[in-house]
Amino acid sequence: MKKISMLINAQDRISHISPEIYGHFSEHLGRCIYNGIYVGEDSPIPNTDGIRNDIIEAFKKIKLPVLRWPGGCFADEYHWKDGIGEKASRKKIINTNWGGVSEDNSFGTHEFMRLCELVGCEPYISGNVGSGTVQELSEWVEYMTLEGGSPMSELRRKNGREKPWKLRYLGIGNENWGCGGNMRAEYYVDEYRRYQSFCKNYSGNELFKIACGPSSDDYSWTDTIMKNLGSCQTRGISLHYYTIPTGEWSKKGSAREFDSELYYSTISKTLYMDELITRHSEIMNRYDPKNEIGLMVDEWGCWYDVEEGTNPGFLYQQNTMRDAIVAACNLNIFNRHSRRVVMANLAQAVNVLQSLILTEGEKLVKTPTYHVFDLFKEHQDGELVYCFSTNEMIGEKDRIPLLSSSASLKDGVMTITLANCSIEDSAEISCDIRGFECSEASARILTGEVHTCNDFDAPDRISPDEYAVKLENGVLSAELPPCSVVTVTVR
């Protein structure tokens with residue numbers, strides 16, 4: 001048993017936790033869209049306009065705030081006019097990035113915006129800079145958001161949508177340092193300045209324009225972008241970082257078969273996110289001391305070797321309690337950096353990488369990662385408060401802190417999220433809560449042996465349960481079992 005002391009000062013309010021920190025990512029990759037989110041209107045699987053009803057309800061339950069689409073690498077080969085109009089006449093293409101499969105474009109702009117309407121989330125469009133044109137992207141914005149008469153708004157009406165949509169988030173390119181064009185930062189920022197100039201605000205719609213930021217620890221990219229944005233109306237830059245357990249892209253390791261050393265390596269590499277955000281934020285602070293440009297971690301999560309027998313280009317992997325710990329650690333990190341981090345998008349929502357949901361025909365499984373988002377959802381729109389723990393270092397080769405935590409206040413209720421990252425030891429928590437009159441506390445827990453997962457034979461093997469904690473004279477006491485994620489609600 002490890003003993004951990006904590007202090008929460010509710011009067012020290014640090015920053016607002018944007019709901020979009022709890023965002024997600026959907027790409028035309030493997031079975032994320034087709035046979036995942038979208039099954040078509042004629043499917044025997046219950047659906048609304050071709051979108052699975054159980055997916056809609058699952059997204060709504062975790063208060064999914066924003067969804068990024070259509071990629072990813074797919075975005076910089078996506079030409080939006082291929083995905084509008086009568087489905088029978090839509091252009092068929094080959095998805096050259098992911099598996100070389102045929103893409104019939106039956107899920108396009110109208111279908112994606114309908115999905116966001118049904119879920120009640122903000123759409124985040126990733127625009128094509130790599131192989132597209134300024135005119136193409138500017139016309140897409142016009143098609144989606146212009147009320148008045150123009151060729152693009154008339155085309156939208158012809159395709160069945162009278163009123164324009166509201167589009168807040170627009171990414172100008174994706175991974176332009178890699179699959180989005182292999183550009184130098186100096187070249188990309190000039191392209192960004194040109195593209196964004198022609199993406200207009202129409203009919204009261206105000207775009208939140210996002211520039212392509214760095215991959216992982218490319219601090220030079222961030223410096224160059226921030227230094228050269230000039231007077232552009234830029235509201236955010238992106239950051240992409242994936243947890244690779246082995247640190248080697250050629251052999252990343254199995255999602256289900258790993259020893260304790262590889263487990264601690266996974267969590268260590270996950271916690272590197274804190275250093276990345278800290279150092280990129282320091283660069284942003286030099287050029288943006290008023291904090292007017294947000295950091296958008298719009299791709300994050302675990303990336304393993306694909307499940308045996310599946311298409312290598314589909315990136316399908318299982319999801320265990322190890323992934324739950326990864327998710328909890330990342331979300332606590334984003335909360336703690338919420339002054340600068342205003343959005344994050346887990347990769348990906350369904351059937352790809354560290355997904356929320358797995359599907360197989362009519363069956364649907366909520367992964368341990370999904371349940372973490374359910375446990376953490378009350379942080380959305382909360383105020384981050386000071387939260388400190390004495391902690392203890394664990395692991396042999398890769399040393400990591402035992403406890404990950406964050407705390408917030410909203411509507412007179414405190415939410416505390418904790419993760420015991422040890423797979424051997426329980427943690428006895430004693431938390432002194434100051435500056436907040438509290439009389440009761442309740443908790444929910446997600447826990448299990450670290451290799452445990454939900455599958456189609458046992459979809460609820462891992463799921464949250466009620467958990468007993470004590471609150472006496474402003475001191476919260478709890479015992480966290482190994483490999484557990486806990487949310488405490490204090491009133």
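The legends below describe close-up views of a predicted model. Residues are numbered from 1 along each chain as its sequence is written, and side-chain values use heavy atoms, with hydrogens and water left out. Because this is a predicted model, local features need pLDDT of at least 70 and side-chain atom pairs count only at pLDDT 80 or more, while totals for chains, interfaces and linings use all residues.

**View 1. Eight parallel strands form a closed barrel.**
The 8 strands follow the order β2-β5-β8-β9-β10-β11-β12-β13. From one strand to the next, the twist averages 25°. Strands (E, at least two residues) and helices (H or I, at least four) are DSSP runs numbered from the N terminus; two strands pair if DSSP finds at least two bridges between them.

**View 2. Strand β5 runs parallel to strand β8.**
Strand β5 (residues 66–69) is joined to strand β8 (residues 122–127) by 4 bridges. L67 stands opposite P123 in β8. Helix α3 (residues 134–145) packs on the sheet and touches β5, β8 and β9 (169–172), contact meaning heavy atoms within 4.5 Å. The direction of helix α3 makes about 160° with that of β8; axes are lines fitted to C-alpha atoms, for helices over the stretch in contact, and angles run from 0 to 180 degrees between N-to-C directions.

**View 3. Helix α8 packs on the sheet.**
Helix α8 (residues 321–336) touches β11 (234–243), β12 (294–302) and β13 (341–347). Its direction makes about 170° with that of β12.

**View 4. K87 and E111 form a salt bridge.**
A salt bridge is a side-chain nitrogen of Lys or Arg within 4 Å of a carboxyl oxygen of Asp or Glu. The closest N and O atoms of K87 and E111 are 3.5 Å apart. K87 lies in the loop between β5 and β6 (93–94) and E111 in helix α2 (residues 109–119), so the pair ties together parts that are 24 residues apart in sequence. K87 is partly exposed at 26% relative accessible area, whereas E111 is buried at 9%; buried means under 20%, exposed over 50%, and partly exposed in between (1.4 Å probe, protein chains only). A network of salt bridges links E41, K87, R90 and E111.

E57 is partly exposed at 47%, as is K60 at 39%.
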